[in-house]
Amino acid sequence: MRSPERVLNSLSEHSKDASYKFERLYRILFNEEMFYVAYQRIYAKEGNMTKGSDGQNIDNMSLKRIEKLIDTLKDKTYQPQPSKRVYIPKKNGKKRPLGVPTFNDKLIQEVVRMVLEAIYEGNFEYTSHGFRPNRSCHTALAHIQKEFSGAKWFVEGDIKGFFDNINHDVLINILLERIADERFIRLIRKFLKAGYIEDWQFHNTYSGTPQGGIISPILANIYLDKLDKYIKE
């Protein structure tokens, strides 16, 4: 069993070749050590004591639970649970919907996120700062201060309801440009289609990535990278 560091470094190396297509990614999800790293990355985060739609939280996480999870991935019986929808206040007084995935789903999503980050992170534009390692509003401001010395005006824009309106088919087609692994793509589609529960009612998700889902930010960046590259051209 290869160490997670070697697995991710190998993906990063191959990602430098724009024509390289990634195969056999799904098998990475059978590597128990990837789940140990995923657990270490997310266990201390706020919200893990909140129960998902399956009534469980981070409590009782064990090696046996991880082994069972991997078994469901191997025999393709794994099915993400719908997230539990809650609302959090925004600065303007409105509320933003947030989906709380089950902890099992969070764990698998974190492994998938690590894989996607290794493949795509090195190819994102330098001007992109959101939801990226070692980048933030502060790095964006520093970039502006350094590069935009002659600018007198700045225009702030926002894509209304962006996360809720990502087209699933467009996103999947973008992923297929670099990923040639049907099982891995099917798993991502399962996350997109998992739906959510609000007031004990199940709702399908026909578009968008789940706000609060661990893979949503990286999927959003993969989607928006097309726009970044178009604007750059």
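View 1. L141, I144, F148 and F154 together make a nonpolar surface patch of about 390 Å². One of them, F148, sits in the loop between α5 (137–147) and α6 (168–176). F148 is partly exposed, at a relative accessible area of 39%. Keep in mind that this is a predicted model.

View 2. Averaged over the protein chain, pLDDT comes to 89, and 93% of the residues score at least 70. Confidence is highest in α6, with a mean of 97, and lowest in strand β2 (residues 95–100), with a mean of 80.

**View 3. The largest pocket.** Here we look into the largest pocket, which holds about 1,800 Å³ of space. Its lining counts 36 residues, and those closest to the centre are G130, G157, D158, I159 and L224. Elements that give two or more residues to this lining are β2, α5 and α8 (216–232). Helix α8 gives the most, with seven residues.

**View 4. E125 meets K232.** This is one of the eleven salt bridges in the structure. The side chains of E125 and K232 come together with an N to O distance of 3.1 Å. E125 belongs to the loop between α4 (103–120) and α5, while K232 is in helix α8, so the pair ties together parts that lie 107 residues apart in sequence.

**View 5. E177 meets K226.** Another salt bridge joins E177 and K226, whose closest N and O atoms are 2.9 Å apart. E177 lies in the loop between α6 and α7 (182–192) and K226 in helix α8, so this contact links parts that are 49 residues apart in sequence. E177 is partly exposed, at 46% relative accessibility, and K226 is also partly exposed, at 40%.

View 6. The side chains of R186 and E182 form a salt bridge, at 2.7 Å from N to O. Both residues are in helix α7, four residues apart, so about one helical turn separates them. R186 is partly exposed, with a relative accessible area of 37%, but E182 counts as exposed, at 61%.

Note on methods
Residues are numbered from 1 along each chain as its sequence is written. Side-chain values use heavy atoms; hydrogens and water are left out. Patches are made of residues with over 30% relative accessible area and no salt bridge: like charges are joined within 9 Å, nonpolar side chains (Val, Leu, Ile, Met, Phe, Trp, Tyr) within 5 Å. Accessible areas come from the Shrake-Rupley method with a 1.4 Å probe; for residues, only the protein chains shown count as cover. A salt bridge is a side-chain nitrogen of Lys or Arg within 4 Å of a carboxyl oxygen of Asp or Glu. Buried means under 20% relative accessible area, exposed over 50%, partly exposed in between (1.4 Å probe, protein chains only). pLDDT is the predictor's confidence in each residue, from 0 to 100. On a 1 Å grid over the protein atoms alone, a cavity is a set of points where a 1.4 Å probe fits but cannot get out, and a pocket is an open set with protein on both sides within 12 Å along at least five of seven lines; lining residues have an atom within 4 Å of a point. Grid points are joined across faces, edges and corners, and a volume is the space filled by probe spheres set on the points.
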